[in-house]
Amino acid sequence: MTDGPGGASPGCGAGLKAGAATADGQQVTPSRHVPEHATPPRRPPLPTDVLVIAASVAVAALVVAASAAASSAWPGVVLPVLATALGALALRPRTVGIGVAALLAGAVVTLRWDGSALAAVGIGSGVAVSAAVVTLWRLQRRKATRTLAAERARAAELTVVDELTGCYNTHGLHLLGEQVLAMVRRQSGAMHAAVIEVEGVPAVLDALGPRAVDEIVIAVSQALRGATRGTDVVCRSGEVTFVVVGPGSGTGALDLERRLRALLLRTPPLSLREWPCTVLVGVAQLQPWDSGGLSEITHRADEDLGLRRALRGPAVDPRGAHLSADPLP
């Protein structure tokens, strides 16, 4: 990693690289022309939901026919068991509901060929056991889902790198920022922080969608690698915001904005009509004689960002009658 405006920040991952090269003198053999649709296209398979419902209805009808032939309701006892197996499958709730209803309806219909109380008790017991098994299975699956979500959240807390940009996340900023603060305190030096906000994102999101916003965020993170020093810690603190902390007095807000925009204009992620490559920066410094820590300096930088955002907007009449056309000085 290099230090200086062209250096790479240790907090950012490597940029995306793409390309392909062919060897000199390589001879490409023309491939044979294969006529399109040389074989008739295959008929798409039936959806799983349709097959499950059709199979449930067919099995119920078959068991009803067997009960009618034997004049007994006992063949219908197998239907609640099949309903249990169907309820345990990871299918759509509507599919499971229709299939289970068909099977249980077949079990009820079989009772007309055997009016004994024993057959009714057998089928009723099967339905009760089926419902209990499916309920317990669903509860166990829900518990496993919650456990998996908790483990994923715990893993997200342990990682220090943002997946989209390769920069540090807020957890990484806290860990490395405290190290930078401890280093400057030992050396009686200053520490700087900058909060960078990407402007014009709502319009891009409405017009082009979240994928275009991701391209902008990635481009800004790459520009930060070229505009910051190697000792700076670059963090993605929000959807469209970044935080930079490092030793020394750092760079002024306007200077950092100009550097970032110049780097973005070299290879803009979108056309300038879609996104004008503009960012807004707020900065703060922590001198050796100042109290406070990492949270204090980042809070100051965020306040400076809010002040500069307010100065860019139109002046508001205190009486609330209208918006003044003259901007604040």
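**Exercise 1.** Determine which residue forms a salt bridge with Glu239, and classify both partners by accessibility.

*Solution.* Step 1: a salt bridge requires a side-chain nitrogen of Lys or Arg within 4 Å of a carboxyl oxygen of Asp or Glu. Step 2: the partner of Glu239 is Arg236, with the closest N and O atoms 3.6 Å apart. Step 3: the accessibility classes are buried (under 20% relative accessible area), exposed (over 50%) and partly exposed (in between), with a 1.4 Å probe and protein chains only. Step 4: Glu239 has 63% relative accessibility and therefore counts as exposed, whereas Arg236, at 13%, is buried. Step 5: a network of salt bridges links Arg236 and Glu239 with Asp162.

The model is predicted: local features need pLDDT of at least 70, side-chain atom pairs count only at pLDDT 80 or more, and totals for chains, interfaces and linings use all residues. Residues are numbered from 1 along each chain as its sequence is written, and side-chain values use heavy atoms, with hydrogens and water left out.

**Exercise 2.** Describe the salt bridges of Arg300 with Asp290 and with Glu296.

*Solution.* Step 1: Asp290 and Arg300 meet through their side chains at 3.9 Å, N to O. Helices (H or I, at least four residues) and strands (E, at least two) are DSSP runs, numbered from the N terminus. Step 3: for Arg300 and Glu296 the closest N and O atoms are 3.1 Å apart. Step 4: these two residues are four positions apart in helix H9, which means a separation of about one helical turn. Step 5: the relative accessible area is 21% for Asp290, 28% for Arg300 and 31% for Glu296; Asp290 is partly exposed, as are Arg300 and Glu296.

**Exercise 3.** Characterise the packing of helices H6 and H7.

*Solution.* Step 1: H6 (residues 201-208) and H7 (residues 210-227) pack at about 140 degrees, with axes 7 Å apart. Axes are lines fitted to C-alpha atoms, for helices over the stretch in contact, and angles run from 0 to 180 degrees between N-to-C directions. Step 2: angles under 35 degrees count as roughly parallel, over 145 as roughly antiparallel, 65 to 115 as roughly perpendicular and the rest as oblique. H6 and H7 are therefore oblique to each other. Step 3: the contact (heavy atoms within 4.5 Å) involves Val201, Val204, Leu205 and Leu208 of H6, and Pro210, Ala212, Val213 and Ile216 of H7.

**Exercise 4.** Which helix gives the most to the nonpolar patch?

*Solution.* Step 1: Val59, Val78, Val81 and Leu82 make a nonpolar surface patch of about 280 Å². Step 2: helix H2 (residues 78-87) gives the most, with three residues. Step 3: Val78 is located in H2 and, at 40% relative accessibility, counts as partly exposed.

**Exercise 5.** Summarise the protein as a whole.

*Solution.* Step 1: the protein has nine helices and six strands. Step 2: of its 329 residues, 35% are buried. Step 3: eight salt bridges are counted.

Definitions and conventions:
Patch = residues over 30% accessible without salt bridge, like charges linked within 9 Å, V, L, I, M, F, W, Y side chains within 5 Å. Areas by Shrake-Rupley, 256 points an atom, 1.4 Å probe, with all protein chains shown as cover.
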